[in-house]
Amino acid sequence: MKGIKSRLVLYFGMILLLIVLLLEGLFYWAVHTYYFGTATEALETRSTTFTNFINKYATGYRLKDKARYILENISSQEYAKIEVLDLNGKVILNSYGFQTGELIQTSDVTDAIRGQKGLFVGRSPQSRERVIAISNPLTFASEYVGVLRYTISAEPLYQAVNRIALYGLSVGAGVVLLAFALSLLMAKRIVDPIEELTNAAKQMAEGNFTARAPKRYDDEVGTLADTFNYMAAEIGKNEKLKNDFISSVSHELRTPLTSIKGWGETLISGGLEEPEETMLGLEVISKETDRLIGLVEELLDFSKFQSGKMKLSRERMDLREILDDMHVQFAIRSQEKQIDFQLDLPASPLIVMGDPNRLKQVFVNLLDNAFKFTPKGGTICVAATASEDRLTVTVTDSGEGIHPNDLPHVTEKFFKGTSKLSGSGLGLAICKEIIQLHTGRFLVSSEQGRGTSIMVDLPLAPPLAGLAGSAPTVERTE
């Protein structure tokens, strides 16, 4: 039996069968004890009472006279067989008036000859009938002279006990059958949800990531169904992410490659006779190459984040230095687009424990987006403030803003939004991951048509206890 259902039915059935057999045994023992105990007690009471009566009121009678006296005084309603035996176990007279002369040497007779009350339950040596016998000693002049024996057949008792046991066995068999049926139903309730989980898993293995396992009960199997459905949803998300990744990469790679190939073929064929056109073509190739390099770097960063292999080389640093470098780096671009680029930094150092290259990557990406979406004559402001143990850097622009439907998703991987200027959809997602690796917060707020503000919140580094000229602390974390 390989199935769980079969094993559950078998195990439950065996356990219940053993319990029923045990209870049947106890029931048979109780009925047997009750019937035989009651019969034995009643027989013993009558035998002892009559023996005491004979020993008291027939004291002057010898054994044979006692036997006749006993025979004369037996109640007409007495159903037991009464026998008078001598000290050798020989029957002198029985309640039927016969002198059989048979020799009885059962344990009850032996005990009575020794002056004790004897009890025998078993088969009669003469008739092989199952009997119950009670023997009491008879006295004459304070001496034991014989035995008064009461005997009844135990066959009716055995028949009654066996009949009741048979009824009990029938009931037990019904209980066992009912238990098997209930165990089958219970196994079905347990196994069916598991089979449904198995079918859903098979569907997922065949590529149907919308398959879900129904939850029937609030138990461990129900929890397993919830977990399975959660796993299926996550796999579906990852599948969608993979498809978005392929679609995004294909599109983003095709555009610069098309430009590079077109200008390259033109240069190879000698179609550009003017030096200015040649320089223009080379500039396009250079820019598109830089764009491809940036895209590949974003994909590599994304791969590291997905595999959990992104590492930070943290050191004690002043964030103002990176922000000053950014101001210098984007100054020419601000002049070309005629954008008012402002930098508002406090006079005191902004000391953090961070990876300079990764933090620079974040602010380069934020400023690049700000210049991309801010029109000519707009304003971009980078402001930093510190309070207690936190540092906040805000990059604000007066650009076109983000559509309200896109705003909750701009930091999701490969989300491109409705703007025609969207890139790979990885920039803000990677920025958020880097800031979170620095145990910081990354928040985006925007109003369409009025601009966007991105806040980067980082913890300030604790002050050093040593000298001001101490070497910077560097640590590498994942």
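Two strands count as paired if DSSP finds at least two bridges between them. Keep that in mind for a look at this predicted model, starting with its sheet.

**The sheet**

In strand 12, isoleucine 454 is the bridge partner of valine 444. Strand 12 (residues 451-459) and strand 11 run antiparallel, and seven bridges join them. Both belong to an open sheet of five strands, ordered 7-9-10-12-11, with mixed pairing. At the edges sit strand 7 (340-344) and strand 11 (441-447), each of which pairs on one side only. On average, neighbouring strands of this sheet are turned by 10° against each other, ignoring direction.

| Helix | Strands touched | Angle between directions |
|---|---|---|
| Helix 7 (residues 319-329) | strand 7, strand 9 (379-387), strand 10 (390-397) and strand 12 | about 165° with strand 7 |
| Helix 10 (residues 427-437) | strand 11 and strand 12 | about 140° with strand 11 |

**A pair of helices**

Now for helices packing on each other. Two packed helices are described by the angle between their axes and the distance between the axes. Here, helix 1 (residues 4-57) packs with helix 4 (residues 155-205) at an angle of about 160°, and their axes are 8 Å apart. Angles over 145 degrees count as roughly antiparallel, so that's how helix 1 and helix 4 lie to each other. What makes up their contact, by class? The contact of helix 1 with helix 4 has 29 nonpolar residues, plus six polar and four charged ones. As for handedness, helix 1 passes helix 4 in a right-handed crossing.

How values were computed: Residues are numbered from 1 along each chain as its sequence is written. This is a predicted model: local features need pLDDT of at least 70, side-chain atom pairs count only at pLDDT 80 or more; totals for chains, interfaces and linings use all residues. Side-chain values use heavy atoms; hydrogens and water are left out. Axes are lines fitted to C-alpha atoms, for helices over the stretch in contact, and angles run from 0 to 180 degrees between N-to-C directions. Helices (H or I, at least four residues) and strands (E, at least two) are DSSP runs, numbered from the N terminus. Angles under 35 degrees count as roughly parallel, over 145 as roughly antiparallel, 65 to 115 as roughly perpendicular and the rest as oblique. A crossing is left-handed if the near helix is turned anticlockwise from the far one by less than a right angle, and right-handed if clockwise. Ala, Val, Leu, Ile, Met, Phe, Trp, Tyr, Cys and Pro count as nonpolar, Asp, Glu, Lys and Arg as charged, and the others, Gly among them, as polar. Contact means heavy atoms within 4.5 Å.
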